[in-house]
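Open the model in your viewer and keep the selection panel at hand.

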Amino acid sequence: MGLLDGLSKLGVTNVDTDNLYEKAESTHPALRKEPEKKEEKPKQPEIREEDFLLRKSYDCPVCESKFKDLALKSNRARMTGTTKGLRPIYDHIEPLKYETIVCPVCGYAVMNRYMIPLVPSQKKAIKEGISVNFQGINTDKEVYTYEDAIDRITLALASAVVKRAKASEKAYICLKGGWLCESYLDTLDPEDAKQEILYEDITEKKKEFMENAYDGFITAMQEENYPIGGMDEMTLNYLIAVMAMERGQYDVASKMVAAILQSVSASSRLKDKARELKTELVAILRRNKQQ
Ligand SMILES: [Zn+2]
């Protein structure tokens, strides 16, 4: 089952994601934690997570129920930078926790970017594949924890599989899931014995999400038009290059980096990032050659 293991407590047990994309690869290189560039966050306890949130109204595209869910107030959160892997870093709040919308009546879950009407066959599939066993979810909270957010995004992945979403949507969910785990890991202390099992657990989950994101984006690049998951071709090339480096697929990473550096459409910021990646790549390849 893998990624969907956590869903049994919500009553969703019969969705198989062993093979999210038919062409999924089976390489499992050891996970290397990437160094992250981010600014020091000043401690300002008077600013609360709740202050960034509102309860937004939705109409469920599956069961037509009206419901409310927590969402980010627009223009309130301040982005302070991005990681090497393009994950945005914010002050005081992790917006990734609030990007999944869940209908508390039928269990349909979707990333806010993909909250669009469904065709009748998709509605039927969600009712039969998700709603029948769905045991409800608490959307009446002031804030969502990382655990809540991981459950919610995993539910979105289950809905995407059941409604036969395009590879790009599933890959986007997996990318956001991976980022969410990465952000969660930043709050944990791997040296703390009490957090050791949780740390390993979330590290493993992050790896699974990222591997599925990679496979899905590679499929989407071949089958779909840009933008893919809101990204233009060069941004996605960069993301693939970073992920390929993590997996030890240096040939793919080199190809993507070269495409960005030769492109007339890539921004100078992206080219700078690609150059940094190239330096890293050259060093790894040189080291490997010497061994
Ligand atoms: Zn619903």
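How many helices and strands are there in the protein? There are seven helices and six strands. Both are DSSP runs, numbered from the N terminus: helices are H or I with at least four residues, strands are E with at least two. This is a predicted model, where local features need pLDDT of at least 70 and side-chain atom pairs count only at pLDDT 80 or more, while totals for chains, interfaces and linings use all residues. Residues are numbered from 1 along each chain as its sequence is written.

**Whole chain.** Color by secondary structure. Along the sequence the pattern reads β-β-β-β-β-β-α-α-α-α-α-α-α. The radius of gyration is 19 Å, close to the 19 Å that the globule rule gives for 291 residues, so the protein is as compact as a globular protein of that length. That radius is taken over C-alpha atoms, and the rule is 2.2 Å times the number of residues to the power 0.38. Along its principal axes, the C-alpha trace spans about 60 × 45 × 40 Å.

**Domains.** Select 2-231 for domain 1 and 232-291 for domain 2. These bounds come from an automatic or database domain assignment. Taken over C-alpha atoms, the domain centres are 26 Å apart. Domain 1 gives 15 residues to the contact and domain 2 gives 11. Here, contact means that the C-beta atoms of two residues, placed from the backbone, lie within 7 Å. On the domain 1 side, 10 residues are nonpolar, two polar and three charged. Nonpolar covers Ala, Val, Leu, Ile, Met, Phe, Trp, Tyr, Cys and Pro; charged covers Asp, Glu, Lys and Arg; the others, Gly among them, count as polar.

**Two backbone stops.** Most residues other than glycine have a negative phi, and most peptide bonds are trans. Select Asn-75, in the loop between strand 2 (66-72) and strand 3 (79-82). Its phi is positive, near 60°. Next, select Tyr-226 and Pro-227: the peptide bond from the former to the latter is cis, with omega near 0°. Pro-227 sits in the loop between helix 4 (196-223) and helix 5.

**Helix 2 and helix 3.** Select 146-162 and 167-187; these helices pack at about 165°, with axes 10 Å apart. Axes are lines fitted to C-alpha atoms, for helices over the stretch in contact, and angles run from 0 to 180 degrees between N-to-C directions. Helix 2 and helix 3 are therefore roughly antiparallel. Angles under 35 degrees count as roughly parallel, over 145 as roughly antiparallel, 65 to 115 as roughly perpendicular and the rest as oblique. The crossing is left-handed: the near helix is turned anticlockwise from the far one by less than a right angle. Show side chains at the contact, including Ile-150, Ile-153 and Leu-157 in helix 2 and Ile-173, Leu-180 and Tyr-184 in helix 3. By class, this contact has 13 nonpolar, one polar and three charged residues.

**Helix 4 and helix 5.** Met-210, Tyr-214, Phe-217 and Met-221 of helix 4 meet Leu-236, Ile-240, Met-243 and Arg-247 of helix 5. Seven of the contact residues are nonpolar, none polar and one charged.

**Helix 5 and helix 6.** Finish with 233-247 and 250-262, which pack at about 155° with axes 8 Å apart. Helix 5 and helix 6 are therefore roughly antiparallel. Helix 5 passes helix 6 in a left-handed crossing. Contact residues include Met-234, Asn-237 and Ile-240 of helix 5 and Val-252, Met-256 and Ile-260 of helix 6. The contact divides into 13 nonpolar, one polar and no charged residues.
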